[in-house]
Amino acid sequence: MAQPKKLAEYERKRDRKQTPEPFTSKRRRSKGPIFVIQRHDARRLHYDFRLEMNGALASWAVPKGVPLEPGQRALAVHVEDHPLDYATFEGVIPAGNYGAGTVEIWDNGTFELLERKRDGGLTFRLEGTRLEGLWTLVPAHLDGDEKNWLLIKKHEEVDRV
Ligand code: MN
């Protein structure tokens, strides 16, 4: 099956014969688009935050983990899209490969996209096992780098029907 072009960078960085990471993008039934947060104990520990968008997982690496207190923000480095099957991946990426280290699912579930801004900013409600509530991801271009976004915990809506 042909892969979306957007996964070209993912594939370029990895050798299928050397890593157990998935290369397929099959959509499974769920009540909404899925998200996953993976704890990735690589050269530097970080949390990979992924949202299902357009047949792939849009992905950000969050060095300090997902902010939990309203108003709290964390650097989120935009990285290459991952295939949908990555959402269930846990395992060890062997030494010498891109992202070598252990990947564990820290949370997963579905999300509701509430707003998509012209600059790419996203506001969404996560419905996971650990996490529930509103977050926003905004391109922040910190230090002039367009890959540097911010993940911000939002206050709950007070007038939610
Ligand atoms: Mn990672």
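## A walk through a predicted β-strand protein

Among contacts in the chain between residues at least 6 apart in sequence, 51% join residues at least 24 apart, where a contact means heavy atoms within 4.5 Å. The structure is a predicted model, in which local features need a pLDDT of at least 70 and side-chain atom pairs count only at pLDDT 80 or more, while totals for chains, interfaces and linings use all residues. Residues are numbered from 1 along each chain as its sequence is written, and side-chain values use heavy atoms, with hydrogens and water left out.

The chain holds 1 helix and 9 strands, and along the sequence these follow the pattern α-β-β-β-β-β-β-β-β-β; helices (H or I, at least four residues) and strands (E, at least two) are DSSP runs, numbered from the N terminus. The radius of gyration of the chain is 16 Å, close to the 15 Å that the globule rule gives for 161 residues, so the chain is as compact as a globular protein of that length. That radius is taken over C-alpha atoms, and the globule rule is 2.2 Å times the number of residues to the power 0.38. Buried residues make up 45% of the 161 residues, with buried meaning under 20% relative accessible area, exposed over 50%, and partly exposed in between (1.4 Å probe, protein chains only).

Strand 1 runs antiparallel to strand 6 and is joined to it by 8 bridges, and Gln38 has Ile105 in strand 6 as its bridge partner. Strand 5 (residues 91-93) is also antiparallel to strand 6, through 3 bridges, with Gly91 standing opposite Val103. Strand 6 pairs with strand 7 as well, in the antiparallel sense over 7 bridges, and there Thr110 stands opposite Glu127. Strands 6 and 7 form a hairpin with 5 residues between them, and Gly120 in the turn has a positive phi of about 100 degrees.

We turn next to the interior. A nonpolar core is a set of buried Ala, Val, Leu, Ile, Met, Phe, Trp, Tyr and Cys residues joined through side-chain atoms within 4.5 Å. The largest such core has 21 residues, of which Phe49, Leu51, Trp60, Phe124, Leu126, Leu137 and Leu151 touch the most other members. Among the elements that give two or more residues to this core are strand 1 (34-41), strand 2 (45-53) and strand 9 (148-153), and the largest share, 4 residues, comes from strand 2. Leaving aside neighbours within four places in sequence, Leu151 is in contact with residues including Phe49, Val62, Phe124 and Leu137. A second, separate core of 13 residues includes Leu57, Ala87, Ile93 and Val103.

The model also contains a manganese ion, whose protein donors are His40 (ND1), His46 (NE2) and Asp48 (OD), lying 2.1 to 2.3 Å from the ion. Donors are N, O and S atoms within 2.8 Å of the metal (3.2 Å for Na, K and Ca), and since water is not among the atoms, sites may look incomplete. In sequence the donor residues are spaced H-x5-H-x1-D, and both His40 and Asp48 are buried.

Finally, Leu142 is found in the loop between strand 8 and strand 9 and is partly exposed, with a relative accessible area of 32%. Not counting residues up to four places away in sequence, Leu142 touches Leu75, Asn148 and Leu150.

Definitions and conventions
Two strands pair if DSSP finds at least two bridges between them.
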